[in-house]
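User: I am new to this structure and would like to go through it in questions and answers. Please show it to me before we start.

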Amino acid sequence: MDFIHSGINRRKKHDPARNRTRRSDMMSDDFAVPIQDIHGRRLPSARERGKPKKKLKAFRVGAGIDMPFMILVIVLLVCGIIMMFSASYPIAYYGEGNSYYYLIRQGIFALIGVAIMFVVSYVNYEYLKKLSLPILGLGFLFLFAVFFFPSSTGIHRWIDFGIFNIQASEIMKFAIIVFLAHWGAFQHKRVNTFKYGALPPLIIFVLTAVLLFFEPHYSGIVIIAILTSLMVILYGGKIKWFLIIGALIAAVVVVLAVTGKLGYAMERLDGWGKALEYIDDAMWDQTFQTRNSLYAIGSGGLMGLGLGQSRQKYLYLPEPQNDFVFAIVVEELGLIGALVVLVLFALLIWRGFVIAMRAKDRFGTLLAAGLTAQIGIQVVLNIFVITDWLPNTGISLPFFSYGGSSLIMMLIQMGIILSISRTANMNKV
Amino acid sequence: MMSKGSKSRLMRRCMVIMLFILLIGFGTTAFRLTQLTLFQGQELQQLAVDQQLVDTTINARRGSIYDTNGKILAQSATVWKVVLSPANFENDKERTIVSKGLSEILGIDQESLFEKTKENTFYSVAKRQIESETRDKVLEFIEKIEKDYDITGVVELLEDYKRYYPYNDFASSVIGFTGSDDQGLAGLEYQYNEELSGTPGRLVTAKHGDIEMPFKYEQKVDAVDGNSLVLTIDETIQHIMEKYLKQGNVENKVHNRSVAIMMEVDTGAILGLAVEGGYDLNDPFTIADKTTIAEISKLVGKEKEEAESEALSAQWRNKAVSDTYYPGSVFKIITASMALEENTVNDDSRFTCTGSYTPVQGADSISCHNTLGHGTQTFAQAICNSCNPAFMMIGAGIGKEKFKEYFQAFGYNAPTGVDLPGEATGIFFPNISDLDLAIASFGQGISVTPMQMVTAISAVANGGELLQPYIVKQIVDADGNVVKSADKTVKRQVVSKETCEKLSEILEMNATEGSAKNGYVAGYRVAGKTGTSEKKYDVNGDGQDDYIASFCGFAPADDPKVCMIVYFDAPLGDNYYGSAVAAPVFAQIMGEVMPYLEVSTQYTDEELKEMDTTANSYLGLSVDEAEAQVKADGYTCVVKGDGDTVAAQLPAASTRIPQGGTVVLYTSLDEVTNSEVEVPDFSGLTLAEANMVASYNNLNISVAGVTGTSDGLVLLQSEAAGSTVSAGTVITLTFTTSSNYGNNNVM
């Protein structure tokens with residue numbers, strides 16, 4: 001493992017000649033710019049505030065990392081585990097015979113995840129540049145591999161590693177962010193052309209989408225589409241590409257819908273937004289989870305029923321520990337509690353973007369922004385799902401929803417953001 | 001090298017994306033959450049609560065029905081209902097075990113029970129109204145399935161109530177009955193259902209999505225038990241009325257049921273309302289009438305079903321308020337009161353009857369029941385003779401308009417407002433012609449209900465006030481507090497007091513001397529009028545239209561207390577005249593009711609000779625002493641038993657005994673039962689003969705009806721011939737004039 005100081009050392013070794021060589025290889029690394037050159041301009045806010053430069057000690061655990069971001073991650077994680085426990089204990093008791101079943105497992109994963117997060121925060125994220133293609137390959141491998149694992153009711157989404165399962169699309173989301181961050185940074189002079197800017201992400205997206213379509217995992221397609229778009233916008237893509245591609249996708253969807261190939265999705269879409277309306281028995285059964293989610297949210301009111309006082313978790317709301325955990329949060333803590341959680345997420349996203357903007361290189365900026373945006377997208381889409389504004393298609397709430405692998409994935413990503421912040425801060429010394 | 005421009009553009013894009021996520025994304029999310037929690041919150045919470053809570057109804061105990069003296073006529077007793085929670089079944093094996101076991105205990109079809117266990121609900125009634133014995137078996141079963149098969153929470157026992165009527169068919173038309181859901185279906189049970197049923201309570205408990213919640217949530221709203229009714233009906237009077245009405249019904253082979261209504265003339269309170277052809281209130285869905293059952297059993301299929309339901313609705317129908325009839329001559333009281341009130345008759349008025357009369361030029365003549373004619377009569381004589389031609393003349397004197405006005409004023413055009421369901425109203429001619437008026441004057445062609453009739457005659461009896469009859473005196477809540485009290489309701493003054501007094505005098509004369517003398521009760525001044533009206537159909541197919549025999553009268557005439565109508569619909573026996581069929585029953589009932597009501601007797605001189613006295617007490621005296629005293633008191637003495645002291649006596653002390661009657665002394669109580677005698681047949685005997693037969697059998701007689709004349713003959717007896725009674729028992733004999741006996745021609 002290569003730690004931060006070695007990274008700094010390496011960076012100091014950069015010279016124009018090497019840069020040139022790289023450029024001649026059609027590779028551009030704008031992050032290899034000496035800090036002194038752009039220091040004041042890159043971070044005008046720090047200068048305006050007149051903050052003294054931090055004296056950081058590399059050997060301290062917290063050294064260099066963005067403390068507000070880290071604290072927000074820990075606070076959200078603790079809140080998430082408490083609420084997941086509250087939501088899950090009836091189902092844990094009746095399903096597993098132990099009220100603490102989900103708490104213990106999630107707790108262990110959280111501890112492992114936090115440890116990994118700190119380790120990752122010390123790793124130079126720039127290694128990811130080299131790893132971006134292998135990770136993308138791994139993502140596709142996983143997306144293929146799911147088809148060889150047993151399905152649950154005809155749906156292939158998970159890869160079973162024995163002690164834990166991993167959702168293939170989780171890897172793919174990460175892979176796409178890393179790859180496009182690298183691509184955007186590496187090719188930053190050319191990404192405003194369709195060939196360099198639009199084609200690669202489009203190819204990756206289409207391949208991913210096709211694989212996800214057959215899993216099927218439509219919400220995964222939606223999230224990956226949004227993430228890809230955001231990455232492309234971030235590295236400077238053109239709006240007209242989206243209009244063209246959007247039109248193409250719309251055409252494909254229409255064709256699929258007309259030919260009736262969108263079975264599962266259409267079924268889900270049918271009941272969308274009508275969870276409280278009785279249309280027919282099948283629909284009523286299908287919207288059961290969303291309806292009970294609405295009951296839970298409505299029951300919360302302004303102040304909520306009190307922590308642990310949810311009634312909907314008593315086997316009304318199916319799997320309250322998973323995607324719908326936030327419905328129980330609202331039921332127990334009310335609108336006030338829900339808004340507090342939202343504010344925490346907002347602060348985290350704000351802080352994540354601050355880190356992105358302070359990153360020492362373009363790759364760091366794009367990577368931090370992409371990873372942060374992913375949290376925001378998941379939060380918003382998750383709440384849209386539980387409030388019946390989006391079809392119920394399996395979008396988990398970061399830090400809150402039960403699931404060891406996705407929690408660890410999330411914390412690894414947080415570790416990467418922390419690494420970016422640490423590198424930026426170290427460079428300020 | 002990264003240019004400054006591209007760097008700042010990247011920063012700007014980051015900012016835009018961040019703001020987009022935070023403002024648009026989080027903004028809409030916060031908006032959506034606010035919308036659901038604050039604006040749709042209550043609605044959603046209600047839906048959530050509806051699914052989370054089980055609402056069980058706690059039945060309220062239905063109020064009781066008491067007679068005027070507090071005797072229980074209807075009461076609810078605790079039973080249980082077996083309730084299933086089908087949603088708690090886990091598989092068909094459990095369903096089979098439970099449905100099989102329960103079907104054996106409850107005696108219901110296993111298949112239908114199995115279907116019930118499949119319902120998706122927590123509340124499905126398997127059987128209602130099971131008694132404690134069955135309940136114990138169900139409890140055992142619940143324990144057993146829990147122990148043996150670990151099946152819990154699927155069968156439950158809940159308290160329920162069942163209606164009991166201690167007197168069975170007593171006052172069935174008045175009381176009515178309830179259905180399986182404890183709802184009133186007929187009579188007062190129906191009329192006062194809301195008062196009686198009370199307010200059911202609720203038991204709200206927390207339910208779980210699939211299995212029990214770890215906490216208990218329970219909220220109970222107690223049921224408010226129903227209010228009880230205290231009736232104006234007096235159980236004793238009602239029993240007397242039912243007993244004699246039934247007798248009359250059997251003796252006269254009445255085809256179409258019969259009615260007797262007794263009303264307190266000053267208040268409108270109904271003291272008794274008997275409809276013969278009653279049914280067992282504890283078993284209202286069984287046809288009570290044996291002839292009807294026999295007739296129906298001959299039918300098959302749909303016809304049979306229809307006949308059955310028709311018979312049931314006829315059985316439940318309260319003839320006293322729901323059926324109308326031609327009142328016949330009883331209505332002459334009303335016609336007479338109109339004439340007196342309007343001064344169209346006076347003491348000098350004379351009415352000549354030649355046996356028939358042609359009221360309208362050119363129409364057929366209408367004959368009087370006395371085809372020889374009543375000759376020239378005064379107004380009073382016309383009433384006593386019940387002379388139809390005379391009344392056609394009186395009616396013509398009143399005029400069509402006035403006649404109609406009075407018909408309405410007496411309340412015949414509207415329901416009386418009595419608190420019984422299904423009340424009908426009288427029918428008058430839409431456009432009354434002169435001929436209509438003529439026949440209406442003697443009570444034909446106009447229809448009224450018996451209740452309307454007794455209410456109108458009560459108005460004549462009480463000095464002209466038309467009252468609203470009522471049957472519920474008080475409504476009492478479960479704690480015994482009076483919630484509502486009924487009171488006398490005067491609708492209007494119909495005729496003047498003078499008219500009433502004058503008419504009462506004539507009617508008393510009529511009951512003593514005239515056509516109504518069979519309704520006379522010795523010692524009580526009865527005023528009344530018989531009625532025999534033709535019906536427009538023929539039930540027995542003898543080619544003759546059927547008749548309705550009725551008697552309506554009040555007593556005592558100088559200060560009326562009660563008014564009663566007795567009415568037999570289609571008597572098919574030897575007699576069909578009101579004087580022969582209805583009047584004796586009236587007399588029998590009045591003869592027993594008047595003493596019960598403690599109306600003081602006013603005997604005529606002649607009556608005094610045959611007057612009943614009250615027996616003294618001889619209890620505790622030695623047999624010799626007692627014997628001497630009995631003889632000294634003017635009675636014949638018979639001693640039963642070998643003992644030395646008198647342990648019992650008949651007639652009992654303070655009860656009626658005719659002068660010169662027999663006192664039977666018993667030396668032990670066993671003797672009372674040992675010395676039962678068979679009641680002889682008194683019918684057709686004169687008073688003297690009856691007395692002889694009675695004393696020979698160690699029985700006493702009390703007289704009712706026409707006595708004091710040498711030609712009185714026994715028509716009815718209070719204890720049937722051939723039945724056994726204790727020696728010394730007083731038997732009431734009703735006498736009739738010998739001319740009426742067997743062949744009665746008074747209309």
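Analyst: A term needed below: a crossing of two helices is right-handed if the near helix is turned clockwise from the far one by less than a right angle, and left-handed if anticlockwise. Note also that this is a predicted model.

User: What is the handedness of the crossing of H8(A) and H16(A)?

Analyst: Helix H8 (residues 168-186) of chain A and H16(A) have axes that come within 8 Å and cross at roughly 150°. Angles over 145 degrees count as roughly antiparallel, and H8(A) is therefore roughly antiparallel to H16(A). In the sense defined above, their crossing is right-handed.

User: How many charged residues does the contact of H8(A) with H16(A) have?

Analyst: On the H8(A) side the residues include Lys173(A), Ile177(A) and His182(A), and on the H16(A) side Arg362(A), Phe363(A) and Gln374(A) are among them. Divided by class, this contact has 9 nonpolar and 4 polar residues, and the number of charged residues is 2.

User: Are H15(A) and H16(A) roughly parallel or roughly antiparallel to each other?

Analyst: The axes of H15(A) and H16(A) are 9 Å apart, and the packing angle is about 165°. The crossing of this pair is left-handed. Since angles over 145 degrees count as roughly antiparallel, H15(A) and H16(A) are roughly antiparallel.

User: How many nonpolar residues are in the contact of H15(A) with H16(A)?

Analyst: H15(A) contributes residues including Phe345(A), Leu348(A) and Ile349(A), while Ile375(A), Val379(A) and Ile383(A) are among those from H16(A). The contact has no charged residues and 5 polar ones, and its nonpolar residues number 15.

User: Which element gives the largest share of the side of chain A that touches chain B?

Analyst: Between the chains, 44 residues of chain A are in contact with 38 residues of chain B. Elements giving two or more residues to the chain A side include helix H3 (35-42), helix H10 (218-234) and helix H16 (362-386) of chain A. By class, that side has 28 nonpolar, 11 polar and 5 charged residues. The largest share of it, 12 residues, comes from H15(A).

User: Which strands stand at the edges of the open sheet in chain B?

Analyst: The sheet has 5 strands in the order S10-S9-S21-S20-S19, with antiparallel pairing. A strand at the edge has a single partner strand, so one side of it is left without a neighbour in the sheet. The edge strands of chain B are S10 (270-276) and S19 (527-534).

User: Which helix packs on the sheet touching S9, S10 and S21 of chain B?

Analyst: Another helix, H19 (residues 497-512) of chain B, lies across S19 and S20, running at about 70° to S19(B). The helix asked about makes an angle of about 30° with the direction of S10(B), and is H9 (residues 235-251) of chain B.

User: Where is Pro556(B) found?

Analyst: Strands S20 (residues 547-555) and S21 (residues 562-569) of chain B pair in the antiparallel sense over 8 bridges. The peptide bond from Ala555(B) to Pro556(B) is cis, with omega near -15°. Pro556(B) is in the loop between S20 and S21 of chain B.

User: Is Ser386(B) buried or exposed?

Analyst: Ser386(B) has a positive phi of about 50° although it is not a glycine. Its place is in the loop between helix H14 (379-385) and helix H15 (388-398) of chain B. A residue counts as buried if 20 or more other C-beta atoms lie within 10 Å of its own. Ser386(B) has 29 within 10 Å, so Ser386(B) is buried.

Key. Residues numbered from 1 in each chain as written. Chains lettered and ligands numbered in written order. Predicted model: local features only at pLDDT ≥ 70, side-chain atom pairs only at ≥ 80, totals over all residues. Contact = placed C-beta atoms within 7 Å. Helix = DSSP H or I, 4+ residues; strand = E, 2+ residues; numbered from the N terminus. Nonpolar A, V, L, I, M, F, W, Y, C, P; charged D, E, K, R; others polar. Axes fitted to C-alpha atoms, helices over the stretch in contact; angles between N-to-C directions. Parallel < 35°, antiparallel > 145°, perpendicular 65-115°, else oblique. Pairing = 2+ DSSP bridges. Buried ≥ 20, exposed ≤ 12 C-beta atoms within 10 Å, placed from the backbone.
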